[in-house]
Amino acid sequence: MTIERFGTAIVGTGFSGLGMAMRLADAGDRDFVIFEKASSVGGTWRENHYPGCACDVPSHLYSFSFAPNPRWSRAYSPHHEIREYLERCAQEWKLDSHLRFECPVTRAVFDETRGVWRLSTPRGEVEARDLVFGVGALSRPALPSFEGMETFEGPSFHSAAWDHAVSLAGKRVAVVGTGASAIQIVPEVAKEVAHLDVFQRTAPWVLPKPDRAYTEAEKRRFERSRWRRQAHRARIYASAELAAVGMTLEPRVMAVAETLGRRHIQRQIRDTSLRAKVTPTFKAGCKRILLSNDYYRALARPHVDVVTDGIARIEPWGIRTRSGELREVDVIAYATGFAVADFLTPVEVVGRRGVRLAEAWADGIESHLGTTVNGFPNLYLLMGPNTGLGHNSMVFMIEAQIHHVLGLRAARDRKNAATVEPRPSAQHAFNVGIQKRLERTVWASGCASWYLDEHGKNRTLWPGFTFEYWWRTRRVDEEAMAFEPTRRTHADLRGEVRMTGAAKSPVERTT
Ligand code: N01
């Protein structure tokens, strides 16, 4: 059996995986392969296409700084525009020959003798010196486990697997959940259904969304002037970053958001009992703050009910609430979120001494700077533990991480080492520091959220300003890392490499 060998294997084709590949190509390194379980690129923007799906971070910031798009149609673009943007990036950076579609990586084992990762895929084995996971934290839909779910007679699906073949026109529909996905789904679905039940367990904080379409003149100006584009991006960045003050330094500041949220409810809902139902009872920011101009208005429509009784079980013809009432529905959409803590679960990752990543993470997912893990050399996690955000663009964090990965590899090569990984003491100190800071944040103010793992620890979010993360990742702290030789050097291995993928060539930047 021939084993293909690459310098770098990347898993995933969302912002993380594609961004990594684009930056490698920019650096003149074309010795990489990208594995994708689906048949096209796009990550979460390929998977999520439910009605109303759009980004709640402004597009001029929710895009690569090195691949600007002056022609975003709106401040907050719909999902298909973001997916098309990522497809364009893949084309312009000539990534086609590197992409392996419908080819999930199922196992990754580190070979200590040779200092390489051996990957198992349905199409055979591959070896790579570096392994980059860009699989995202929100890629595994979490379906609830209500009794009787399998007995439901009508169609039912998760928001991230929306079945557009099911027409909702004139039907009785239930949306379970009131998170970021649901508040986008509800206003759209309410337009066509006969009746809509929104099953709310916890009322979220929802603020007005400062969305608008860009005019043709604005788009032309963005095209002509790099300065104007960058100034616009910088303005968005700075105003988003302000929210980190309330979330991470002084949670009392979040009272401002609560005032805005209550005012939003009062403006869009007249019925006082409905107002009371949808008014949150936890500190704003503890769960993600949501943005919508039409969610409350949709809830106030006569054919929409907010059901807060709790779900007892699912029956063939509908949903039985804890109060005993049967809400008859034809279709159920579960907007119930994602399995966050175990985001690498579908892949068995085996590091030094045969230790599985799942074992290393038995007490919770931990890494150094959200990117590297002791015992797992030359392994890099993009959007890894504690790099998530409640207030700004993940693409900013992803770019900082990619820069960090490139820096780690360069430091390793400068030292003629074969592997790089964090020292246990550095990883420990990083996590102790992060957890200490997280104790003072709004996310620790008492609500239940997917930011917290089963031990109540926040392994998801970065506890400060994003520019701090950028600052800490801009240069490699070599004291924190262990660089080690292996019995065979990478140069030896390269001698036996059968070159695959595209030939090395300088990459033309086409933005
Ligand atoms: O998921 P969620 P989401 N019974 O976990 C409820 C990103 N995103 O898909 O709050 C009844 O936020 C649950 O109730 P509760 C964004 O980062 C981004 O909406 O736990 N209800 C909640 O209301 C976001 O944070 C964009 O009490 C149950 C809802 O389901 C993340 O994705 C757009 C339940 C789940 O809300 C996830 O958002 C969309 C049960 N058993 C999403 N289980 C952008 O625009 C769960 N719920 C970038």
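A polar contact, as the term is used in these legends, is a pair of N or O atoms within 3.5 Å, and within protein one atom must be able to donate a hydrogen and the other to accept it, while residues adjacent in sequence count only if both atoms are side-chain atoms. The model is predicted, so that local features need pLDDT of at least 70 and side-chain atom pairs count only at pLDDT 80 or more, whereas totals for chains, interfaces and linings use all residues. Residues are numbered from 1 along each chain as its sequence is written, and side-chain values use heavy atoms, with hydrogens and water left out.

View 1. A polar side-chain atom of T202 lies 2.5 Å from an oxygen atom of the ligand, and a polar backbone atom of A54 is 2.9 Å from a ligand oxygen atom. For G337, a backbone N or O atom lies 3.5 Å from an oxygen atom of the ligand. Of the 910 Å² of accessible area that the ligand has on its own, the protein covers 83% (areas come from the Shrake-Rupley method with a 1.4 Å probe).

**View 2. The shell around the ligand.** The ligand is surrounded by 22 residues, each with a heavy atom within 4 Å of it, and the closest are D56, T178, S181, T202 and K287. By class, the shell has 10 nonpolar, eight polar and four charged residues; Ala, Val, Leu, Ile, Met, Phe, Trp, Tyr, Cys and Pro count as nonpolar, Asp, Glu, Lys and Arg as charged, and the others, Gly among them, as polar.

**View 3. Helices α11 and α13.** Helix α11 (residues 394–414) packs with helix α13 (residues 466–473) at an angle of about 10°, their axes being 9 Å apart. Helices here are DSSP runs of H or I with at least four residues, numbered from the N terminus, and axes are lines fitted to C-alpha atoms over the stretch in contact, with angles running from 0 to 180 degrees between N-to-C directions. The contact (heavy atoms within 4.5 Å) includes F396 and M397 of α11 and F467 and W470 of α13.

Terms used:
Helices (H or I, at least four residues) and strands (E, at least two) are DSSP runs, numbered from the N terminus.
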